[in-house]
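Have the structure open while you read.

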Amino acid sequence: MTTQLLQTTILNDSLIQINWSDYEVPVANIHHHLESTIDEPTGWLHLPLENQENLLNSIQLVANEIKLQADVLVVVGVGGSFLGARAIQDALTPYFGLHQNGIEVVYAGQNMSGAYIKQLLDSLATKEVYVNVISKSGTTMEPALAFRLIRSFMKQRYGEEAKNRIIVTTDAKRGILKQIADDADYRQFVIPENIGGRYSVLTPVGLLPVAVAGVDIEQLLEGAKEAASKLKNEHLETNEAYRYAVIRHALYSKGYQIEMLASFEPALAKFHDWWKQLFGESEGKDKKGLYPTTVNFSTDLHAIGQFIQEGSPIIFETLLHFHDITDDCCVPYAEKNEDKLNYLSSRTFNEINAISKQGTALAHAEGGVPVIQLELERLDAYHLGYLIYFFMKACAMSAYLLNVNPFDQPGVEAYKKKMLELLNEQKVSF
């Protein structure tokens, strides 16, 4: 596992023509800033290289308890407190049924739909339940409302025992959720103070839910550790994360407005959402930044493929591909061959899917769409951990190349402020 785990390829580099030497100094300066700053939340940068044995043991202990005592874990969170865990869970657990080493993990607090939360509670009526509520402050409206309702459900269902079935992941010292947890004597995991939400998936924020779902979190962190080690240099010749960041910046400078992350495995749909938040919240400031969007092929080739191939030249494509997917099926031979597909009977579905990926990439590249390929050997916990760290490192570099702060999100606070103003106005009117 010490060979190069991720390869970055530009299919049609004539469209980009990057002068790499122009980026050497700014990339080196940003790299040294990231490595030395104490004023910004960069704790995720070296976290995989730290000894986390005690933390992992604690998480595994609680995860094993939940799997023994419950049918379902309800994870309450939004944004970075939800997307990362759900991304890993969906990528590494079966499409149908449960992972053999895990139980059902469902999510609440990522929306304010009354129908969603009502139907979720109804579905829990005959199941044994644990809850993991995740929030650094406890003040974000969506998870705060969901937790209020779910906490009431747990008290009615379990009485005093409810406190043993509610696990809180929050700040170590402050915040409303921290106070609630202390007052109710809930068990707690800490969100490191120097790690922001969208960079927190490799902390207890993501690790506890996915451990309960059956994911090997030790391998996940080993992959991230490998990435942290390999990408701990400033050199564009060897640092694939920085190369990806520079390619994105060069395309943005040439007028491209949209980056489209694409993959050919439905299990990666939620991983796409995590990526979208990571880059969208980190870069979209000061009227700058690429718009991050995602597609899942081949499904979306029948929806958006026409626009990609021949629409406005504002999109470039980042194609994510894992060569080895665990499960597969062979195309059977048919006696009558009514559908004329016997020529594929020596192939597997994954082989055909890979050829579809290759054909799509070539068609888009020949159609004038810049195509970046990110390729990894297999879709497993180790390689996914590597990819997560790769994207976080690339995102920080990419944002700084735009001269924006990768770690704040002032625009998110604007909608919260307006929503609270409207709620308070309606309260007064009543």
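## Strand β7 and its partners

Met260 has Thr293 in β8 as its bridge partner. From β7 the chain passes through helix α10 (residues 269-283) on its way to β8, making a right-handed β-α-β crossover. Keep in mind that this is a predicted model. The two strands, β7 and β8 (residues 291-296), run parallel and are joined by six bridges.

β7 also pairs with strand β9 (residues 315-324), again in the parallel sense, with six bridges between them. In that pairing, Ser263 sits opposite Leu320 of β9.

## How covered is β7?

β7 spans residues 258-263, and six of its six residues are buried.

## Arg198 in its loop

Now for the arginine. Arg198 lies in the loop that links β6 (187-190) and α7 (204-213). Is this residue, Arg198, buried or exposed? Its relative accessibility is 4%, so Arg198 counts as buried, the cut-off for that being under 20%.

The Arg198 side chain gets to 2.6 Å from the backbone oxygen of Pro406. Leaving aside residues up to four places away in sequence, Arg198 also touches a list of others, including Trp274, Gln277, Leu278, Glu281 and Ser282. Further contacts of Arg198 include Gly80, Lys285 and Met392, along with Phe407, Asp408 and Gln409.

Terms used. Residues numbered from 1 in each chain as written. Predicted model: local features only at pLDDT ≥ 70, side-chain atom pairs only at ≥ 80, totals over all residues. Heavy atoms only, no water. Helix = DSSP H or I, 4+ residues; strand = E, 2+ residues; numbered from the N terminus. Buried < 20%, exposed > 50% of the residue type's maximum accessible area, 1.4 Å probe, protein only. Polar contact = N/O pair within 3.5 Å; in protein donor to acceptor, adjacent residues only side chain to side chain. Contact = heavy atoms within 4.5 Å. Pairing = 2+ DSSP bridges. Right-handed = clockwise from strand over helix to strand, strands pointing away.
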